[in-house]
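Thanks for coming, everyone. Please take a look at the structure on the screen, and then I'll walk you through it.

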Amino acid sequence: MRVLLIGANGYLGRFVADRLLADPAVQLTALGRGDDADVRFDLASGSPGALTRFLDAVHPGVVVNCAGAIRGGARELTRHNTVAVATVCEALRRSGCGARLVQIGCGAEYGPSQPGSSTAEDAVPRPGGPYGVSKLAATELVLGSGLDAVVLRVFSPVGPGTPAGSPLGRLAEAMRRAMQSGDGELKLGGLGVQRDFVDVRDVARAVHAASLSAAQGVINIGSGRAVRLRDVAGTLARVAGYGGTLHELDGPHGHLRPAVGHPRGDSDHAPQVTYPYPDGCGSWQQADVRTARDRLGWRPRINLEESLADIWMEAACRI
């Protein structure tokens, strides 16, 4: 089976590529903007006609789209997340390859949900920010394309390669700096939100399974369990061996309260670091992952502590 992977150099794409390359039955071709792609092509600016000609030449059986942007203004997010997917869908419609499309969506398409609830695929999406809106528009394009297609709505990916600008990437970097400078306290904000974290390698397994399946529509990919970011910070401190105190900044006036650890050192000189989670999903998000189990035979395997240990290992190497 020949698979065309778009966005192989991205955070998710690198692990999807590794997973597909490990399957001896898969012939992988990578398309992207980087020099190390098999074929250089910018979805945000390239024409459907040019992509169609490439599809007809390569004739893949599956196209996996991991490309996209997670930051930027509404115009940039629309260009990379929505217009790019429109290009893929139109090229596939024009092509004679008949390829199946596996599109990577995201949990931010759902927007805020009721605390304590699990969000299933039939929930009405109400994205709370431009990123979620741009990804939801892409999903609607895929679902309305008439193609053999599935959209994997990935919740909060975590693990090795976590971007430094992500909430967990910033948390690990702040902890690394604190340990390097001997700071006994960290002041952290935004730790009250609860998110459904899923390891990026488990996401890659889901993409592989979706490529081989006949499942269509939307399928959630998550752990099925919301975890408070405050608890994530405590686990990361334990994994890192950080013996200081994590002070949480909560409330509109930045009121301090102990989060984890035991006080050490002079708190007046502790650096103030905040970690907003600007995904438009409010205080709670948890995936209902029964569809992935039933239609893909997929379950998450890697626990959050292992994912955090891998994040810390990469951060510690920067000391």
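The crossing of α5 and α9 is right-handed. Right-handed means the near helix is turned clockwise from the far one by less than a right angle, left-handed anticlockwise. Helices here are DSSP runs of H or I with at least four residues, strands are runs of E with at least two, and both are numbered from the N terminus. Helix α9 covers residues 304-316. The two helices pack at an angle of about 50 degrees, with their axes 10 Å apart. Axes are lines fitted to C-alpha atoms, for helices over the stretch in contact, and angles run from 0 to 180 degrees between N-to-C directions. α5 and α9 are therefore oblique to each other. On that scale, under 35 degrees is roughly parallel, over 145 roughly antiparallel, 65 to 115 roughly perpendicular, and the rest oblique. From α5, the contact uses L168, A172, M175, R176 and M179. From α9 come L308, I311, W312 and A315. Contact means heavy atoms within 4.5 Å.

A word on the source. This is a predicted model, where local features need pLDDT of at least 70 and side-chain atom pairs count only at pLDDT 80 or more, while totals for chains, interfaces and linings use all residues. Residues are numbered from 1 along each chain as its sequence is written, and side-chain values use heavy atoms, with hydrogens and water left out.

Back to α5, residues 167-181. What is its angle to helix α7, residues 229-240? They cross at roughly 40 degrees, and their axes come within 11 Å. α5 and α7 are therefore oblique to each other. α5 passes α7 in a right-handed crossing. On the α5 side, the contact is made by L168, L171, A172, M175 and M179. On the α7 side, L229, V232, A233, L236, A237 and A240 take part.

Next, the aromatic rings. How many aromatic pairs does a search of the whole structure find? Two. Y11 and F15 make an edge-to-face pair, 6.5 Å centre to centre, with 90 degrees between the planes. The rule covers rings of Phe, Tyr and Trp (its six-membered ring) with centres within 6.5 Å; planes under 30 degrees apart are stacked, over 60 edge-to-face, the rest tilted. Y11 and F15 both sit in helix α1, residues 11-21, four residues apart, about one turn of the helix. An α-helix has 3.6 residues a turn, so residues three or four places apart point the same way. Both Y11 and F15 are buried. Buried means under 20% relative accessible area, exposed over 50%, partly exposed in between, with a 1.4 Å probe and protein chains only.

Y110 and F155 have ring centres 6.0 Å apart and planes at 35 degrees, so that pair is tilted. Y110 is in the loop between β5 (100-106) and α4 (130-143), and F155 is in the loop between β6 (149-154) and β7 (156-158), so the pair ties together parts 45 residues apart in sequence. Y110 is buried, at 3% relative accessible area. F155 is buried too, at 6%. R153 lies over the face of Y110, 4.6 Å from the ring centre. That label needs NZ of Lys or CZ of Arg within 6 Å of the ring centre and within 35 degrees of the ring normal.

Last stop, α4. S134 lies in this helix. Buried or exposed, then, for S134? Buried, at 2% relative accessibility. Leaving out residues up to four places away in sequence, S134 touches L77, T78, N81 and T82.
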